[in-house]
Amino acid sequence: MLSKTIKDFLGVVILLIIIIFVVFLGTLYFTQKTDDIDEASGCEKSGPDAYSVIVVDNTNKLTYIQQKDIENRIFDIVFNALPNDKIVIYSLGNMLKDNSDIEKINPIVELCPYKDGKKASELLANPKKMKKEKIKRFDIPIKKALEGIIKREQDSDYSPILELIQKIKVTVLHKVITENKGIQSSGKKSVKIHLFSDLLQHTSNFSFYRKDNLTQFLKSKKFDKVYSNLEGIDIVVWQLINTEVGAKVSKIFYDFESILRKMNVRSITRRNIEG
């Protein structure tokens, strides 16, 4: 029969084990706890931590190699995003031949990646169920949207690149850009536009096809019409080669960069799409 001292000692040990276990569960809970999730977007209701806006210029039919390279690059962007990074995808051609009405070009996808359960504790969550939910509510919609955009067969009459960038700034990015202005550099949310395009703007405001004078355009009322203050926005240009236009790829990029610099873009990076 155990003595009272031993019983007391075992009682203390059991109590300590219980306390340690409760603390452990509490730590797991608070380190994995997030804000409430918006069911429609998969983003936290308090707002996304970063924004990646993807614009695919499918106003001209893409070659097979271009399709595959664009798909690979976008998958790299999308599937490396963190759970509360918002992904927004646009089709510049808008699946229409007459795509001149910028109001009708709306996001095809506006989602945050759902957590895939890799870092989830089985004590507090169901990792397998989380993975299935991510595939169903994020992976599949992204893949379906991209397939429709990239494999589009019909050309469009216009290429309203500048007008769409303006709309994106005003409708999608205005709030986060405004909030970033009052935050120190280390705390600012990342805001990027990934532009997959040959950069051949073609609307009534400005057209590379008509060989409009760039210097005159930058001083004109037509520039004022498409102008948007892009301060705080990083633009990554994934440049496509368009064989229908004689101008060199580097010259087209330089001219387009001049327009974006005039709009105060924070940074612009150029990368090439094969094909």
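**Entry 1: E71 and K68.** I looked up the side chains of E71 and K68 in this predicted model and found that they meet in a salt bridge, with an N to O distance of 3.8 Å. Both residues belong to helix 2, which covers residues 64-79. They stand three residues apart there, about one turn of the helix. For K68 I noted a relative accessible area of 34%, so this residue counts as partly exposed.

**Entry 2: K251 and D255.** I next turned to helix 8, residues 249-262, where K251 and D255 are four residues apart and therefore separated by about one helical turn. These two residues form a salt bridge, and their closest N and O atoms are 2.7 Å apart. I then asked of D255: is it buried or exposed? D255 has 10% relative accessibility; because buried means under 20%, D255 counts as buried. K251, at 44%, is partly exposed.

**Entry 3: R137 and E39.** I recorded a salt bridge between the side chains of R137 and E39, at 2.9 Å from N to O. Which parts of the chain does this pair tie together? R137 lies in helix 3 (residues 127-150), whereas E39 lies in the loop between helix 1 (4-32) and strand 1 (50-56), so the pair ties together parts that are 98 residues apart in sequence. E39 is exposed, at 55% relative accessible area, while R137 is partly exposed, at 25%. I also noted that E39 and R137 are linked with E133 in a network of salt bridges.

**Entry 4: The whole structure.** Finally, I looked up how many salt bridges a search of the whole structure finds. The total is 11.

Definitions and conventions:
Residues numbered from 1 in each chain as written. Predicted model: local features only at pLDDT ≥ 70, side-chain atom pairs only at ≥ 80, totals over all residues. Heavy atoms only, no water. Salt bridge = Lys/Arg side-chain N within 4 Å of Asp/Glu carboxyl O. Helix = DSSP H or I, 4+ residues; strand = E, 2+ residues; numbered from the N terminus. Buried < 20%, exposed > 50% of the residue type's maximum accessible area, 1.4 Å probe, protein only.
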